[in-house]
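Dear colleague,

I am handing over the structure below, and after it I set out what was found. Please read the notes alongside the coordinates.

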Amino acid sequence: MEAFQTMASTLASVLPGDSKRIAPPMATDVLAHIGGTPLVRLNRIPQSLGIKATVYAKCEFFNAGGSVKDRIAKRMVLEAEKSGRIKSGDTLIEPTSGNTGIGLALVGAVRGYRTIITLPEKMSAEKVAVLRALGAEIVRTPTEAAWDSPESHIGVAIRLQKEIPNSHILDQYINVDNPLAHEYGTAEEIWEQTGGKVDMLVAGAGTGGTITGIARGLRKHKADVKIIGADPHGSVLAVPEELNKNGGGYKVEGIGYDFIPDVLDRSLVDKWYKTGDKESFLFARRLIKEEGLLCGGSSGSAMAVAMQEAKNLNEGDVVVVVLPDSIRSYLSKFVDDDWMINNDFMTAEELEKPETAKS
Ligand code: PMP
């Protein structure tokens with residue numbers, strides 16, 4: 001037995017990449033596992049495209065609720081508690097594309113809030129299932145409703161807040177704790193994890209809290225870090241304005257809007273790229289298949305942009321791409337081969353030989 005134990009521990013210590021991994025300390029609740037996400041080097045995709053720079057993925061799907069938005073949910077709730085704006089037992093209402101809702105429902109479960117989430121119809125059934133499991137109440141709203149119409153997810157949230165006593169909209173679109181969660185959290189982590197060597201940061205924008213906060217945080221350390229934004233065709237967040245002339249809907253979830261949220265400071269972004277559904281989903285599938293990173297569709301959008309912009313970089317340059325959420329929410333969508341084929345994002349032939357798929 002003793003010999004076996006010695007052998008087992010020797011074996012454990014020689015497994016490459018595994019031996020020095022230190023488990024995080026015991027946590028008093030799961031909120032301790034929001035933030036502190038891994039930064040993982042990409043070893044196949046950039047190389048296959050002839051990119052010389054080193055590219056890292058900031059893997060936000062490791063957060064407790066499965067997305068980057070857990071960070072803002074935690075910070076918005078804890079800061080509102082500190083200021084006396086909300087207290088346990090109150091109701092939190094939030095219009096969201098899903099991930100902020102999951103974050104708020106998770107924080108709400110831990111800290112004792114009722115949560116009501118208003119969610120456009122487009123968002124996946126998997127997100128709804130997770131929200132339900134966390135005890136959130138869900139109101140679906142028409143995807144095509146303009147943001148300022150009473151039927152939109154924002155309009156419905158405002159109406160509910162007026163009707164329900166002790167209810168609050170923490171409002172990720174204007175709440176300073178949204179970008180601050182990234183300025184003090186995500187950006188500092190990236191700076192530390194890269195040992196202060198980051199030349200370019202690529203992220204998509206929904207509310208814009210992620211890209212704005214990371215830009216502010218990194219630029220405190222390095223004024224000339226390049227900030228590159230991904231905005232889907234059909235959204236209006238990109239600058240210059242003429243980039244946004246191709247209207248229409250898109251299937252990638254969580255990025256893009258038909259208005260400019262207050263928390264998005266577009267002056268911090270050096271360059272925007274518009275992204276399409278097909279390239280986003282193909283890159284998300286490659287991140288999963290070739291790098292083992294179980295990410296969502298908007299991760300593919302950021303990756304598509306990073307792979308274009310990184311072509312201009314040299315050996316030794318460092319790029320960080322933010323992967324905002326997880327495969328979990330898209331099992332019936334882009335992860336599913338038939339869904340990809342039925343939506344014309346892939347042919348059956350390309351499925352046989354994925355390397356032939358072109359975005
Ligand atoms: N990707 C996904 C999947 C998201 O849910 C969100 C949040 N809407 C984003 C990207 C963009 O994050 P932010 O709101 O901070 O711009």
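**Pocket, cavity and ligand**

In this predicted model, 22 residues line the second largest pocket, and those nearest its centre are Lys122, Thr143, Tyr250, Tyr257 and Asp258. Here a pocket is an open set of points, on a 1 Å grid over the protein atoms alone, where a 1.4 Å probe fits and protein lies on both sides within 12 Å along at least five of seven lines, while a cavity is a set of points where that probe fits but cannot get out; lining residues have an atom within 4 Å of a point. The space in this pocket comes to about 460 Å³, a volume being the space filled by probe spheres set on grid points that are joined across faces, edges and corners. Its lining divides into nine nonpolar, ten polar and three charged residues, where Ala, Val, Leu, Ile, Met, Phe, Trp, Tyr, Cys and Pro count as nonpolar, Asp, Glu, Lys and Arg as charged, and the others, Gly among them, as polar.

As to the basis, residues are numbered from 1 along each chain as its sequence is written, and side-chain values use heavy atoms, with hydrogens and water left out. Local features need pLDDT of at least 70 and side-chain atom pairs count only at pLDDT 80 or more, whereas totals for chains, interfaces and linings use all residues.

The structure holds one cavity of 30 Å³ or more, and the largest cavity has a volume of about 290 Å³. Its lining consists of 26 residues, with Val68, Lys69, Gly206, Gly254 and Ile255 nearest the centre, and by class these are nine nonpolar, 14 polar and three charged.

The ligand sits in the largest cavity, in the sense that more than half of its atoms lie within 2 Å of the cavity's grid points. Around the ligand are 16 residues, the closest being Lys69, Gly206, Thr207, Thr210 and Ser298, where a residue is counted if one of its heavy atoms lies within 4 Å. This shell comprises four nonpolar, nine polar and three charged residues.

Turning to individual atoms, a polar side-chain atom of Thr210 is 2.5 Å from an oxygen atom of the ligand, and a polar backbone atom of Gly208 lies 2.8 Å from a ligand oxygen atom. Taken alone the ligand exposes 390 Å², of which the protein buries 98%, with accessible areas taken from the Shrake-Rupley method with a 1.4 Å probe.

With best wishes

Notes
Polar contact = N/O pair within 3.5 Å; in protein donor to acceptor, adjacent residues only side chain to side chain.
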